[in-house]
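Q: I have just opened this structure and would like to learn how to read some of its features. Could you take me through them one by one?

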Amino acid sequence: MASAIESQLLKLNGLFAVSKPAGITSADVIRKLKSNLFKESGEIFKSGPKSKFKIGHGGTLDKQASGVLVIGLGSGTKQLGKYLKGNKRYLGCGCLGTATDTYDSDGKVTQVKPFEHITNDKFEDVLKLFVGNIMQVPPIYSALKVDGQRMSTLVMKGLPVTPKPARPVHIHSIQCVEFNPPHFTLGKSHNNNTSMLTPKPVRSVHIHNIECVEFNPPHFTLDVHCGGGVYVRSLIHDIGKALNSCAHMSSLLRTQQGPFMLSNNALPQNEWTLQNIKHALEHWHSGIDR
């Protein structure tokens, strides 16, 4: 039987969004929310198979990424699946001339190439190639699973990865909105056994539109409007190759996931309280966020 504390929390049902800060995992967000809710109720959360309190997220954000993360409570966890496939929007900062094994600045540098030949017009032309249905290879360092384990976990262990069949994704739009230097520096290799890994096969994805409004090599920022399954890291990696150079992603911010937007209905970390979550759930039940 659920405790009186847990019974109170079992009344929380629905969806809301939080603003995930960079530097913590999506799983860390869930643990923090659990801790906050139970501490406010007077107890420390104890997980286990007998616990009826359900909480989850719809769409993993990498540890270094930030922005909108949709959270489900109670019966709301059953609705999270549609947010994995639904529309998303990102601000992705890229850096030309350097590629890494993780496709972002946390990885080992694998290639350095000239980028001085890339003009604004050339950049604009190449972005147009990535509008609509395109083919994309997911990064090996990702949350995609092989035999029940995340690819990134297998990589860290130095184990070979068996590729999965290709799958379609959709990108609605990409817009280069501003110049920004990388937010963090290139790191060391996670493991020296990446040669053992087999990349996943190319898959179809969809981008609605791409527009570059400001560009200052080697840095650029893309506003990406896409469907589910798109890896912005892979997108920036592929854009670099299409420009006869290379590129990696320096930071990522998810600004929208389905009806949830960073600008108006995603709770920042200092507002992850029981009262604010209840209010957000009421807002969702009213139909405003659907």
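Q: Let's start with N244. Is N244 buried or exposed?
A: A residue counts as exposed when its relative accessibility is over 50%. N244 reaches 55%, so it counts as exposed. Keep in mind that we are reading a predicted model.

Q: Where does N244 sit, and what is its phi?
A: You will find N244 in the loop between α6 (232-242) and β14. Its backbone deserves a look too: phi of N244 is near 60°, a positive value in a residue other than glycine.

Q: Which strands pair with β14, and in what sense?
A: Look at the direction of each partner and at the bridges. Strand β3 (residues 66-73) runs parallel to β14, and two bridges join them; here S66 stands opposite L253 of β14. Strand β4 (residues 88-96) pairs with β14 in the antiparallel sense over nine bridges, with K88 opposite Q257. Strand β15 (residues 260-261) is also antiparallel to β14, with two bridges between them. In that pairing Q257 stands opposite F260.

Q: What do β14 and β15 form together?
A: They form a hairpin, with two residues between the strands. In the turn, G258 has a positive phi of about 60°.

Q: What kind of peptide bond joins P217 to P218?
A: Omega is the angle to check. For the bond from P217 to P218, omega is near 10°, and the bond is cis. P218 is found in the loop between β12 (210-212) and β13 (219-226).

Q: How are two packed helices described?
A: One gives the angle between their axes and the distance between those axes. Take helix α2 (residues 26-40) and helix α7 (residues 274-285): their axes come within 9 Å and cross at roughly 110°. That makes the two helices, α2 and α7, roughly perpendicular.

Q: Which residues make the contact of α2 with α7?
A: On α2 they are L33, L37 and E40, and on α7 they are L274, Q275 and I277. Sorted by class, the contact has four nonpolar residues, one polar and one charged.

Q: How many aromatic pairs does the structure hold, and how is such a pair described?
A: A pair of rings is described by the distance of the centres and the angle of the planes. The structure holds four aromatic pairs. In one of them, the rings of F123 and F215 have centres 4.2 Å apart and planes at 15°, so this pair is stacked.

Q: Where in the chain do F123 and F215 lie?
A: F123 is in helix α4 (residues 120-128) and F215 is in the loop between β12 and β13, so to find both you look at distant parts of the chain, 92 residues apart. Both F123 and F215 are buried. Ring pairs also link F123 and F215 with F220 into a cluster.

Definitions and conventions: Residues are numbered from 1 along each chain as its sequence is written. This is a predicted model: local features need pLDDT of at least 70, side-chain atom pairs count only at pLDDT 80 or more; totals for chains, interfaces and linings use all residues. Side-chain values use heavy atoms; hydrogens and water are left out. Two strands pair if DSSP finds at least two bridges between them. Helices (H or I, at least four residues) and strands (E, at least two) are DSSP runs, numbered from the N terminus. Buried means under 20% relative accessible area, exposed over 50%, partly exposed in between (1.4 Å probe, protein chains only). Axes are lines fitted to C-alpha atoms, for helices over the stretch in contact, and angles run from 0 to 180 degrees between N-to-C directions. Angles under 35 degrees count as roughly parallel, over 145 as roughly antiparallel, 65 to 115 as roughly perpendicular and the rest as oblique. Contact means heavy atoms within 4.5 Å. Ala, Val, Leu, Ile, Met, Phe, Trp, Tyr, Cys and Pro count as nonpolar, Asp, Glu, Lys and Arg as charged, and the others, Gly among them, as polar. Rings of Phe, Tyr and Trp (its six-membered ring) pair if their centres lie within 6.5 Å; planes under 30 degrees apart count as stacked, over 60 as edge-to-face and the rest as tilted.
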